[in-house]
Amino acid sequence: NDEFDVTLDLRPATIEAILAQTDHVVTHTGTEKPYGYYDWWPTSLFFNTQDEPYNDPDVRWAVAYAIDQQTMMDVGYGGAGVATAAPFPDYVGLRQYVDGASSELKGLMDNVLSRDLNKVDELMTKAGYEKNDDGFWSKDGEEVPFEILIVDIYGDIGPVCVELLRQAGFAAVQVNPPDAWGQMSDGRAKAFFRGHGGSVKDPFVTLNFYISDNVRPTGEGVANDNWPRWGNEEYDGYVAEMSLTSPDDTAKMQDLFDKAMTIWYTELPEVPISEWFHRLAMNTTYWTNWPNGDDAYNTAPWHWTC
């Protein structure tokens, strides 16, 4: 209706509805998917690794094997999303570390994106769970609830994740309490979707989130984006060495990345889900030369502080 020049980022289905009704609105990728550009804030399914049931790496990996990121992209985002196995965006400076990763690390990352219900059964049984008469995982005769906190911006892919978990035997339900962001911050939320800030050029910033110095007990505010409240002494050592290494020393950086992230993926404090895109509807009635793939710059007006 020519009442906006540019919007906050929108979900793919909303963008598609707008594009279908007008010819004076564009997106960063025109009228083609994904309707936006890569932000630095990929999505993960985070766990509070200090509290049951997610204090067990086998349970965390069972959750990873239960979900299928590509299905979430196809159903929740209508094919306009990009699944990821990394806790940082697919930017050029970071992609080289993923491409150059050791075979062991690449195998773990591939597993993050693999749905394998046999592995779910194996890992949950190993962790002491068994399915009850309703087909849901139970322990000591009690069905274990798996509440997944999903705020509104994940209202498209979140329910798909919950359904995949239920199909795998998890008594999963979606919750979105009024103090959702507070519950994430102080650890009351045991499993939750949120974006993941951090590295944009080399991996140190993201890796540094997970050092033990940033671990806080449940009930205290999160420190330096260590949302999973996870730490590992051996991992700390590799990150400390990385902090003293020039990013230009790519061979040493790669070696430290491989060693640290092999520990990270073995423990899996969170499950990477998808890239985040800024999908903005931009009105060409009064303003032209909006950024696009050929003339790319940050469209997001709320990023004036960055």
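Asp 225 sits in the loop between α9 (204-208) and α10 (233-243). Helices (H or I, at least four residues) and strands (E, at least two) are DSSP runs, numbered from the N terminus. This is a predicted model, in which local features need pLDDT of at least 70, side-chain atom pairs count only at pLDDT 80 or more, and totals for chains, interfaces and linings use all residues. Residues are numbered from 1 along each chain as its sequence is written, and side-chain values use heavy atoms, with hydrogens and water left out.

Start with the backbone. Most residues other than glycine have a negative phi, and most peptide bonds are trans. Asp 225 is not a glycine, yet its phi is positive, at about 65 degrees. Its relative accessibility is 28%, so Asp 225 counts as partly exposed. Here buried means under 20% relative accessible area, exposed means over 50%, and partly exposed lies in between (1.4 Å probe, protein chains only).

Asp 2 also has a positive phi, of about 60 degrees, although it is not a glycine. Look for Asp 2 in the segment before α1. Asp 2 is partly exposed, with a relative accessible area of 32%.

Next come the cis peptide bonds. One joins Lys 33 and Pro 34, with omega about 10 degrees. Pro 34 belongs to the loop between β1 and β2 (37-38). Another cis bond runs from Glu 52 to Pro 53, and its omega is near 0 degrees. Pro 53 is in the loop between β3 (43-47) and α2 (57-66).

Now turn to helix α1, residues 12-21. Which of its residues are buried? They are Pro 12, Ile 15 and Leu 19. These residues cover an arc of only 60 degrees around the axis, so they lie on the same side of α1. The arc is that of the directions from the helix axis to the C-beta atoms. An α-helix has 3.6 residues a turn, so residues three or four places apart point the same way. On the other side of α1, Ala 13, Ala 20 and Gln 21 are exposed. What do the buried residues of α1 pack against? Their partner is β1 (25-26). Contact means heavy atoms within 4.5 Å.

Finally, take a pair of helices. Two packed helices are described by the angle between their axes and the distance between the axes. α2 packs with helix α5 (residues 103-112) at an angle of about 65 degrees, and their axes are 8 Å apart. Axes are lines fitted to C-alpha atoms, for helices over the stretch in contact, and angles run from 0 to 180 degrees between N-to-C directions. Trp 61, Ala 64 and Tyr 65 of α2 make the contact with Leu 108, Asn 111 and Val 112 of α5.
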